[in-house]
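Here is the structure, with some questions on how its terms are applied.

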Amino acid sequence: MKKIGLLGGMSWESTAAYYRLINEGVKSTRGGLHSAEMILYSVDFAPIEKLMQSADWDGVGEKITDAALRVGRAGADFLLICTNTMHICAPRIEAALSIPLLHIADATAEALLERGIGKVGLLGTAFTMEEAFYKGRLKDKHGLEVLVPERGDRAFVNGVIFDELCCGVACGPSKEGYLRIIEDLAARGAEGIILGCTEIGMLISQEDTDVPLFDTTELHAKKAVALAMSE
C-alpha cells in the first residue's frame, strides 16, 4: 500500500472528513483491521486566510509549498491538498515536489465524465469560482463547460464557507440559500453541481436535491484510496 500524504488544516473540519473517508475506503477494500497509511501535515489556517484576503498569493504559496515539502520528506508516496482553493498553488507545489500531486479537479472531472456530464455548475470560495486555476483546468484539460452563480450569490456562497462551515457551523437558512442557487444553476443548463469547497458536504447532500452533486472531498478521497492500492 502506498503512503498517502495529506496537506490539511484548510480547514481542519474537512481534513477530518478526508481522514475518515480514506480509512473507510481502505477498510472497505481490504477488510478486517486494515486502515490507510497516511502522513498528515495540518497547518494553522488563520495566517494563511489573512494572506488570501489580501491577495498575497506569493506568501500563501511559500507557506503551502513548505508544508507540502514536509509531507514529502516524511515519506509520502503522493500528495493530496485537502482543499480546492489552495490548488491555486498547485503548479508551484508540483515544481518543488519530488512526488506526484493528486489534483482535486482531475478527480472531480473524471467522475463527471463517467456520468456523461459536460456542463456543470461550480460552488466554492470566491477564489475557486472566479479565478482561472480551477475552472480553466476543468475546461482546458477535460473539456467541461463550467457555470458559476451570479455575483451576489457568489458572495453568499463564499461568506457561508468562511463564516460558518470552516468554523464547524451548518445553518438551515444557509442550506436553503445553497439549494436555491443550485436550482438556479440547473435552470441555466447545469447537468450537475460540483461542491467545489471541501466543507460544503457538511451543509448539503444528494438527499437534499434531485440535481446530481459531486462532492470533491469524497471524490478526492476515493481517488487517493484507488491510487494507494494500485501497483
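Q: What does Asp106 touch, not counting residues up to four places away in sequence?
A: Asp106 touches Arg137, Lys141 and His142 on that count. Contact means heavy atoms within 4.5 Å. The model is predicted: local features need pLDDT of at least 70, side-chain atom pairs count only at pLDDT 80 or more, and totals for chains, interfaces and linings use all residues. Residues are numbered from 1 along each chain as its sequence is written, and side-chain values use heavy atoms, with hydrogens and water left out.

Q: Why is Asp106 called buried?
A: Its relative accessible area is 15%. Buried means under 20%, exposed over 50%, and partly exposed in between (1.4 Å probe, protein chains only). So Asp106 counts as buried.

Q: Why is Cys82 called buried?
A: The relative accessible area of Cys82 is 0%, so the residue is buried. Cys82 sits in the loop between β3 (78–81) and α4 (90–96). Beyond its neighbours within four places in sequence, Cys82 is in contact with residues including Leu6, Met10 and Thr198.

Q: Why are α1 and α10 called oblique to each other?
A: Helix α1 (residues 12–30) and helix α10 (residues 216–229) pack at about 45°, with axes 9 Å apart. Angles under 35 degrees count as roughly parallel, over 145 as roughly antiparallel, 65 to 115 as roughly perpendicular and the rest as oblique. Therefore α1 and α10 are oblique.

Terms used. Axes are lines fitted to C-alpha atoms, for helices over the stretch in contact, and angles run from 0 to 180 degrees between N-to-C directions. Helices (H or I, at least four residues) and strands (E, at least two) are DSSP runs, numbered from the N terminus.
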